[in-house]
Amino acid sequence: MSISTLEVSVPVAEGVTASADTLTAELSDGRTLSAPLDWFPRLVHATPEERGNWRLIGRGAGIHWPDLDEDISVEGLIAGRRSTESQASFLRWLEARHSARPTAFETPEH
């Protein structure tokens with residue numbers, strides 16, 4: 001009996017866009033993969049500028065948003081995995097994010 005093996009290679013990201021509701025990755029094998037932004041709460045709570053500030057990591061195996069401390073793997077996107085961050089961790093991040101921003105009533109010190 002002959003047993004064949006299937007070699008699977010995961011494509012890498014070559015480009016990324018994140019709109020107000022969708023994360024889209026252009027993959028090295030020609031596919032375009034989209035996922036709901038709701039799967040990634042930190043991206044949902046980001047400004048358009050923060051969502052646009054990303055870089056590829058691991059030669060395109062993942063995407064990193066330095067302003068948000070968010071990493072998403074291409075393999076996870078292909079598999080349809082949502083963020084696995086705990087609710088407690090996300091709420092701590094969100095609270096720290098809000099406390100770091102000045103309110104409309106605060107003025108910068110000179």
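The model is predicted, so local features need pLDDT of at least 70 and side-chain atom pairs count only at pLDDT 80 or more, while totals for chains, interfaces and linings use all residues. Residues are numbered from 1 along each chain as its sequence is written, and side-chain values use heavy atoms, leaving out hydrogens and water.

Let's start with the sheet. It is open and antiparallel, with 3 strands in the order E4-E5-E6; strands are DSSP runs of at least two residues, helices (H or I) of at least four, numbered from the N terminus, and two strands pair if DSSP finds at least two bridges between them. E4 (55–57) and E6 (70–73) sit at the edges with a single partner strand each, so one side of each has no neighbour in the sheet. E5 and E6 are joined by 4 bridges, and Gly62 has Ser73 as its bridge partner in E6.

Now zoom in on His64, which is part of E5 (residues 62–65). Its relative accessibility is 12%, so His64 counts as buried (under 20%, with exposed over 50% and partly exposed in between, using a 1.4 Å probe and protein chains only). Beyond four places in sequence, His64 touches residues including Trp54, Ile57 and Asp71, where contact means heavy atoms within 4.5 Å.

What about Ile72? Setting aside neighbours within four places in sequence, Ile72 is in contact with Leu23, Phe40, Leu43, Gly62, Ile63, Trp65 and Leu77.
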